[in-house]
Each structure stands twice: as C-alpha cells, then as structure tokens.
Amino acid sequence: MNVPPVGATTSRPSRPRRGLRLWAVAGALTAYTLFAGRKVGFDVSSFWSVWSNPLWGKFWPIPWDWVLDRHNVLDPLVETLQIAVISTLIGCTLALPLAFAMSPLTSPNRVTLVVSRSVMNVVRAVPDLFWAKLLVTAVGVGAFAGSWALSVFSLGVMVKLFSETIDGADPRPLEAARAAGGRHAPVVRTGVLPTVLPEYVAYGLYVFELNIRASVVLGLVGAGGIGRVVESQRQYFRFDRVLGVLVLVFVVVFVIEQVSVAIRRRLV
Amino acid sequence: MSSERQLKPSGSPSLSADRGTEADDHDTTDARAVIRFDDVSVTYRGGVQALRNVDLRVDDGEFVVVVGLSGAGKSTLLRALNGLVPATSGSITIDGTEVVGAGAAELRVIRSQIGMIFQTFNLVHRTSVLNNVLMGRLSAVPAWRSTLGLWPSAEREAALQALERVGIVEKAYVRASNLSGGQQQRVGIARALAQEPAVMLADEPVAALDPVTSRQVMGDLLRINREMGITTLVNLHFLDLAREFGRRLVGLRDGEVVFDGDISDVTDDTFQEIYGRAITDDDLLTVDAEPAG
C-alpha cells in the first residue's frame with residue numbers, strides 16, 4: 001500500500017489565466033457594436049431632434065370625455081382582456097401534455113420527444129405578429145383571429161418555459177412510481193406533476209401578462225381589441241386620444257401585473 | 001444478542017470461489033425460492049460491468065442483507081430484479097416469472113409485486129403523504145383514474161392502512177416535505193407496503209438517516225418481514241447494522257457474489273474479504289469503545 005500521508009506536499013496548481021481571453025472577447029464585442037452602429041447610421045444626436053418635433057403638441061390635453069366613453073375605449077379594452085384570457089387558457093391547456101412530451105425526463109418515447117420538439121420549434125420560430133396576420137387573412141378581421149394568434153403564441157412560450165422546468169425536476173420520485181408498476185401517464189402525473197405544478201401556474205400567469213400586452217399590439221394588424229382603436233386614432237392623427245388610451249392600458253396592465261406577481265411569489 | 005441469528009437454517013457459508021456447490025446446496029429448497037438469479041451479468045452503456053455471473057436464490061420470507069463497497073453492484077442487483085436496470089445476460093425470475101427481456105406490460109405486473117425503498121426516500125415533496133403512498137396503488141387502478149387523481153375509496157383505505165403499519169398515519173395529510181428524514185423513509189416503506197408486495201427491496205434505506213432512526217427503520221423492515229412474510233432484500237454498507245438485523249448475508253465485490261451464508265458464520269475476516277480491505281470505523285454506524293461483535 002503506497003498511500004501518501006495526510007498533508008503530504010503535492011505541487012500547487014498554477015492559477016488559471018483567463019484574463020487575456022476575456023479582454024480579447026470584450027474588445028471584439030465593442031468593435032463590432034461600433035461597426036454595427038455606423039453601418040445602420042445610428043446617431044445619438046437624433047434623439048434630441050425628436051423632442052423638437054411639433055407632433056408632440058398634438059398629444060395634449062387628453063380628451064378624457066372621449067377616452068372614458070364606453071364605446072370608444074372601454075369596450076375594446078374589455079375585448080382585449082377577453083382575448084388574453086381565452087388564449088392563455090387554450091395555450092396553457094395544450095401546453096401541459098405537450099411540455100411533458102417534450103422533456104426527455106417524461107416523454108413516453110424518443111419518437112414523441114423528437115416530433116413534439118420539432119413541431120414546437122417551428123411554431124415558435126413564427127413571430128406572434130405574423131401568426132396574427134396569417135389568421136386575420138384566414139378567418140377575417142376581429143377578436144377571433146386575435147384569440148387564435150395569441151393561443152399559438154401562449155402555447156409556444158408556455159411549452160418552452162414549462163418543459164425546461166420539467167427537465168430540471170427531481171427524477172427520483174419518477175423512479176419510485178415506475179418501480180411501483182404504474183403506466184406512463186399516471187407515473188408522470190403522480191411522480192412529477194405535483195413537483196412542477198406551482199411553476200406551471202406561475203408561468204400561466206406570466207403568459208397572461210404577456211398576452212395582455214401582446215393583444216394590444218395584435219390589434220394594430222386587425223386582430224381586434226384596444227390595438228384597433230390605437231391604430232385608427234393614429235391614422236387620424238388624434239394623438240391626444242392615443243395617449244389617453246395608452247394611459248388607460250398602462251393602468252390596467254400595471255394592476256394585473258402587480259396582482260400576478262404577488263400570486264406568483266406565493267406559489268413558487 | 002446473537003441467539004436469534006441461529007434461527008434460520010441456510011446454505012453453508014462459502015467464501016467465493018466454489019459457486020457450483022453453493023448452487024447445489026440451494027437446489028434442495030428451490031421449490032420455495034421466490035427469487036432466482038441465474039448467471040446474471042449487467043453491463044452499463046459505457047462498458048462498466050456492474051454484475052458478473054451472479055447466481056442467487058432467495059426463499060420465500062427470507063430477510064437478506066446485501067453488503068459491499070459502493071460500486072460493488074448492490075444497487076444494480078436490486079434494480080435488475082424489478083427491471084429498472086435491464087440485465088445484459090442471464091435469467092432472473094420472481095415466483096417463476098422471467099424478468100429479463102420482459103415486455104412493458106409484463107414488467108408492470110412484475111414491478112407491482114415488488115415494493116422498493118430508496119436511500120433518498122424518493123418522495124414527491126410538494127404533495128401530501130397520502131398521495132405519496134397512493135403511488136403504491138398505481139398498478140391496481142385504471143390509468144385514467146390515477147391520472148385524474150380520482151382514487152377509489154378502497155385505495156385510499158389501503159394507503160391509510162399502510163401508513164398505520166409504519167405508525168405514521170397521523171401525518172397522512174401533511175406535505176411530505178414537512179416530515180423528518182426518518183418519517184419520510186417510513187412513508188417510503190408505506191408506499192412500498194401499499195403495493196401488497198411479495199418482495200421488498202430496500203436500497204441503502206438508512207444511509208441518509210442518523211443512527212437511532214436507522215435502527216428504528218431497520219426494525220420496521222424486519223418486523224414487516226416477520227409479520228407479513230414479505231421476502232426482503234436490504235442493501236447496507238454499515239457492517240454492525242448488517243450483523244444486528246441480517247439473517248442471511250450476501251457479500252458483493254466488483255459485481256460478484258463473494259459470500260453467501262448465515263450471519264452467525266460471519267466474522268470480521270468475512271467482511272474484510274468482501275470489502276477487500278481492512279474494516280475501519282467508517283464502515284460502522286456506531287463506533288463504541290469496544291470493537292463491534
């Protein structure tokens with residue numbers, strides 16, 4: 001037995017030198033940023049000229065009588081919320097089984113894993129605005145197209161976030177459930193779902209927040225909701241009304257986010 | 001302390017080498033053998049050979065302690081038995097049913113008859129103790145019911161009875177994460193009991209517990225073995241615990257069975273042979289002034 005005694009001297013390793021590489025990377029990034037800025041004609045001074053634009057005067061005063069009239073703003077705003085609710089529900093419901101299929105930990109087999117991952121990669125690669133345009137073309141202008149577009153968008157976001165949570169879940173209860181002789185679905189349901197359920201709800205709320213903001217934007221391309229009002233008033237150059245609508249939207253989004261954040265903090 | 005150990009007649013102890021005669025010894029009791037390993041080898045992807053030509057017979061109702069260094073193949077031995085780790089070659093049967101090469105449906109039936117207890121308890125922390133124990137009833141209810149969480153009241157009753165057996169039924173509706181280590185392992189035992197298994201496998205069940213709790217949990221396992229006649233295999237690496245609770249001892253070294261015999265025939269030399277080195281205090285759960293045994 002040739003075991004060295006405790007405390008025997010072995011040579012100390014030299015301190016790893018990362019400094020040079022770090023500087024090289026930082027330098028390259030800086031150089032490319034400057035190059036990119038010049039290429040697109042980025043000019044800081046243009047920020048200041050924006051403020052002298054006479055358009056700003058048109059934003060004020062906010063015509064509250066018009067803004068607070070039900071038919072002008074509140075009804076479309078409610079429609080926006082409804083789009084957000086329904087699409088969150090559809091997207092998150094579909095995401096639950098899909099996310100389990102997409103995680104190597106819980107996927108029933110390799111084929112399911114690869115197919116579901118590929119399909120979702122394609123779905124996510126298409127931007128939400130493009131989905132909205134596509135669906136407006138397919139089913140016509142209005143909240144219906146917006147709901148579908150946002151459902152697809154919710155599904156994409158939710159599946160990405162949630163399947164990564166599943167990836168990181170404790171595999172040991174799964175082994176226990178498997179050892180008890182359960183079928184695949186109940187094994188996943190009893191062995192993993194309780195562990196990741198709080199995150200699922202939290203992500204669902206987060207997707208709801210995203211959807212409210214996104215449904216404002218989607219209205220711009222004819223997918224219903226408050227975005228349609230913003231777009232039409234902008235076309236009439238009624239920026240005072242646009243600002244009023246935006247203030248209202250800000251208040252609603254802010255309140256919902258605060259509530260959602262409070263709930264999420266309690267969940268996880 | 002050692003009087004009990006003489007109770008069980010068993011194959012003559014033999015240190016490694018002559019496996020042929022050992023198998024012959026057991027052939028006389030083969031009718032009662034619930035578990036049979038015949039020339040079983042397990043090679044993991046990457047080439048590590050965890051079990052080498054293992055032959056083993058375990059009779060109905062036996063309480064077998066498996067010892068060996070970490071990496072000797074103890075965990076693999078248990079996991080090959082319920083198919084969690086597929087055997088590369090050889091034959092493993094439980095009550096006459098072949099495990100090696102069994103299809104998914106057959107494997108589920110086999111696993112439903114084998115309860116398993118884990119070193120790290122493997123409970124779902126974010127749900128109730130009762131829900132954890134109900135996992136032991138997965139094979140008894142249709143998949144849609146357990147997936148939706150619609151457990152029949154008979155199954156809940158079975159789970160509660162399993163909790164009563166390990167004396168922890170008052171925690172049924174407590175979140176599993178709120179239990180102490182010893183309580184969590186009892187829930188693990190209850191989960192295995194809920195299967196109403198013929199065989200119980202315990203993979204280092206007390207490695208994560210303190211000495212006092214370790215003895216309680218080992219006592220639970222032995223009591224269940226006695227009262228319910230469940231054939232039990234326990235992996236241990238503490239030698240004093242193995243002596244205290246074991247009836248029959250199986251020693252593994254480098255994936256081979258190097259000892260198989262009655263605990264009363266085990267000496268310190270036996271352990272040294274199994275471990276391939278001198279026994280140290282680290283191999284004992286409790287270190288007294290006097291040497292153990």
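Is N235(B) buried or exposed? Here are some notes to read alongside the structure.

1. Ground rules. This is a predicted model, in which local features need pLDDT of at least 70 and side-chain atom pairs count only at pLDDT 80 or more, while totals for chains, interfaces and linings use all residues. Residues are numbered from 1 along each chain as its sequence is written, chains are lettered from A and ligands numbered from 1 in the order in which they are written, and side-chain values use heavy atoms, with hydrogens and water left out.

2. Back to N235(B). This residue is buried, with a relative accessible area of 0% (buried means under 20%, exposed over 50%, partly exposed in between, with a 1.4 Å probe and protein chains only). You'll find N235(B) in strand β8 of chain B, residues 231–236 (strands are DSSP runs of E, at least two residues; helices are runs of H or I, at least four; both are numbered from the N terminus).

3. What does N235(B) touch? Setting aside neighbours within four places in sequence, its contacts include V66(B), S75(B), L78(B) and A202(B) (contact means heavy atoms within 4.5 Å). The side chain of N235(B) also makes a polar contact of 3.0 Å with the side chain of D203(B) (a pair of N or O atoms within 3.5 Å; within protein, one must be able to donate a hydrogen and the other to accept it, and residues adjacent in sequence count only if both atoms are side-chain atoms). A polar atom of that N235(B) side chain lies 3.0 Å from the backbone oxygen of K74(B) as well.

4. Chain B as a whole. Have a look at its 10 helices and 10 strands. Of its 293 residues, 51% count as buried. Among contacts in chain B with a separation of 6 or more, 70% are between residues 24 or more positions apart.

5. A sheet to trace. Four strands of chain B make an open sheet in the order β2-β1-β4-β5, with antiparallel pairing (strands pair if DSSP finds at least two bridges between them). Its edge strands are β2 (49–59) and β5 (97–98), each pairing on one side only. Strand β4(B), residues 89–94, is joined to β5(B) by 2 bridges, and I94(B) has T97(B) as its bridge partner in β5(B).

6. Over to chain A. L197(A) sits in helix α10 and is partly exposed, with a relative accessible area of 37%.
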